[in-house]
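I opened this model to go through its charges, its core and its backbone. My notes follow in the order I looked things up.

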Amino acid sequence: MQIRVRSGGHDYEGLSYVSQVPFVILDLFNLCEISVDVEKKSAWVQAGSTIGQLYYKIAEKSGTLGFPAGLCPTVGVGGHFSGGGYGTLLRKYGLAADNIIDARMVDVNGRILDRSSMGEDLFWAIRGGGGASFGVILAWKIQLVAVPEKVTVFTIDRTLEQDAINIVHRWQYVAHKFDKNLFIRIYLGRVKSSQDGGRTIRALFNSLFLGSVETLLPLMKESFPELGLQREDCTEMRWIESILYFSGFPTESRDVLLNRTQPNVRHFKAKSDYVQKPISTNGLKGMWKLLLGEEAEDASMILSPYGGRMDEISEYTIPFPHRAGNLYKIHYLVNWDEEEASQRYINWIRRLYNYMAPYVSKFPRTAYINYRDLDIGVNNKGNTSYAQASIWGRKYFKNNFDRLVQVKIKVDPANFFRNEQSIPPFLSCWNNNGKWIHRETKCFSLFNMYSNKLFVD
Ligand SMILES: Cc1cc2nc3c(=O)[nH]c(=O)nc-3n(C[C@H](O)[C@H](O)[C@H](O)COP(=O)(O)OP(=O)(O)OC[C@H]3O[C@@H](n4cnc5c(N)ncnc54)[C@H](O)[C@@H]3O)c2cc1C
């Protein structure tokens, strides 16, 4: 039997509740206590809590503290923080995982560990390496961050007829260099043209600024005048209201943040990419063409700017490696209703992904683990292989993959915690010529025989 651990159940490929082999689900939804310490600017949050519940609890205690996690309130902190977790505070404070200061987890031997008893290697691994490979996370201790009493939000849209192509093109050069307090993402999708009723592409510029309208307007005029932001496009509000704004809820009532159920669940497939050089206007035109296609009726590409704090944190600090050098991340998404049409939509998003290959990161073509995508590789069935896992592992973690493997063999050598994209245990050692060699661990006793010598000493 395999064990699947579920916190918020938002895994894009359902790995917390679907398996090809017999399995049990360990569902943590009842572990949802959150205690906020305003004085110490920290909180303990149990793994089954959602980020909406966390934001709600923080706001209940303070109007000037926040936390840099995701935009969708129903996402669970168990999976989200263990894979990184980003939202509108990314450029100012980095990821959720960058702001974890302690954790409680159950290891494969049933022991409850905290940061000091698990040691720094395992504590490193669970902050971005995906929790499911290492044990069951029970709770996180997080460092809360300062947010101003008033923040400013805006959403402006531009269609192809309104020069969207040049504005998006320009955004690629400036968005990662903006003041850290400014986050402007782009939501690209197909809409009806107001001019001829045909199809057009709309770029929605969706922004949070940690400050007032007065400060924002001159900043935008200087760094991104092409967008033409006006005072009437902007709204000042509390940070907690901006959470509601970004998730599409009215800002008046926060109670909706306590709802664990994701509204409008449909079939979908998603993928991710990192962009390191601005895409040419010709490249963008090719994207538009695909987004205008038949299957793209409910498809989108969300471009999230990096830079700021993300550039300051080394790619080795935690397993999440996508730091300096990345201009922005692309999140591809397609939704549909009719189950029998699934293959058509999945093929479409794969075509879009193939088209994007020349414009995105290479060797490896990197991806975000929290946007789980089994297309980029899966473990061998039954017997996890290092070579096989490196295919997807280097895309999510780059060279941090090897350190994750070393942690795995220390804490779960028999590979009890596993799924289609879990970190495999393997053997490696220095040979007599000083060369680092890897060996697959098909044989558990080999590990027992050698592990102390090879790994601990
Ligand atoms: C609607 C929606 C919006 C999203 N928005 C964002 C966003 O704004 N920013 C962002 O970064 N990501 C976002 N995501 C992606 C999200 O971060 C990941 O899907 C994340 O893994 C979800 O965590 P979960 O606990 O809800 O999922 P689950 O499905 O419960 O878990 C995901 C993975 O983590 C493992 N896991 C879960 N809990 C534990 C635990 N306690 N111990 C060990 N392993 C565990 C599971 O086994 C599974 O492999 C979004 C996803 C959805 C569906």
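**Salt bridges**

I began with a network of salt bridges that links E13, K269, K271, R350, D373 and D375. My rule for a salt bridge is a side-chain nitrogen of Lys or Arg within 4 Å of a carboxyl oxygen of Asp or Glu. The model is predicted, so I kept the limits in view: local features need pLDDT of at least 70, side-chain atom pairs count only at pLDDT 80 or more, and totals for chains, interfaces and linings use all residues. Residues are numbered from 1 along each chain as its sequence is written, and side-chain values use heavy atoms, with hydrogens and water left out.

How many salt bridges does the rule give? The count is 27.

I then looked up single pairs. E420 forms a salt bridge with R4, with 3.2 Å between the closest N and O atoms. E420 sits in the loop between helix 12 and strand 17 (426–430) and R4 in strand 1, so this pair ties together parts 416 residues apart in sequence. For secondary structure I used DSSP runs, numbered from the N terminus: helices are H or I of at least four residues, strands are E of at least two. Are E420 and R4 buried or exposed? Both are buried. My cut-offs are under 20% relative accessible area for buried, over 50% for exposed, and partly exposed in between (1.4 Å probe, protein chains only).

E226 forms a salt bridge with R170, the closest N and O atoms being 3.1 Å apart. E226 is in the loop between helix 6 (213–223) and strand 13 (234–237), and R170 is in helix 5, 56 residues apart. E226 is partly exposed at 36%, and R170 is partly exposed at 33%.

R266 meets D337 in a salt bridge at 2.9 Å, N to O. R266 lies in the loop between helix 7 (239–246) and strand 14 (267–275) and D337 in the loop between strand 16 and helix 10, so the pair ties together parts 71 residues apart in sequence. I noted R266 as partly exposed at 29% and D337 as partly exposed at 49%.

**Core**

Next I checked the nonpolar cores, defined as sets of buried Ala, Val, Leu, Ile, Met, Phe, Trp, Tyr and Cys residues joined through side-chain atoms within 4.5 Å. Which residues touch the most other members of the largest core? They are F81 and L188, in a core of 128 residues. Helix 10 gives the largest share of this core, seven residues. Another core of five residues lies apart from it, with I3, A47, V136 and F417 among them.

**Backbone**

The peptide bond from F363 to P364 is cis, with omega near 5°. P364 lies in the loop between helix 10 and helix 11 (386–397).

D163 is not a glycine, yet its phi is positive, near 70°. I found D163 in the loop between strand 10 (151–159) and helix 5 (164–174). D163 counts as partly exposed, at 37% relative accessibility.

K398, also not a glycine, has a positive phi of about 50°. K398 is in the loop between helix 11 and helix 12 (400–411). At 23% relative accessibility, K398 is partly exposed.
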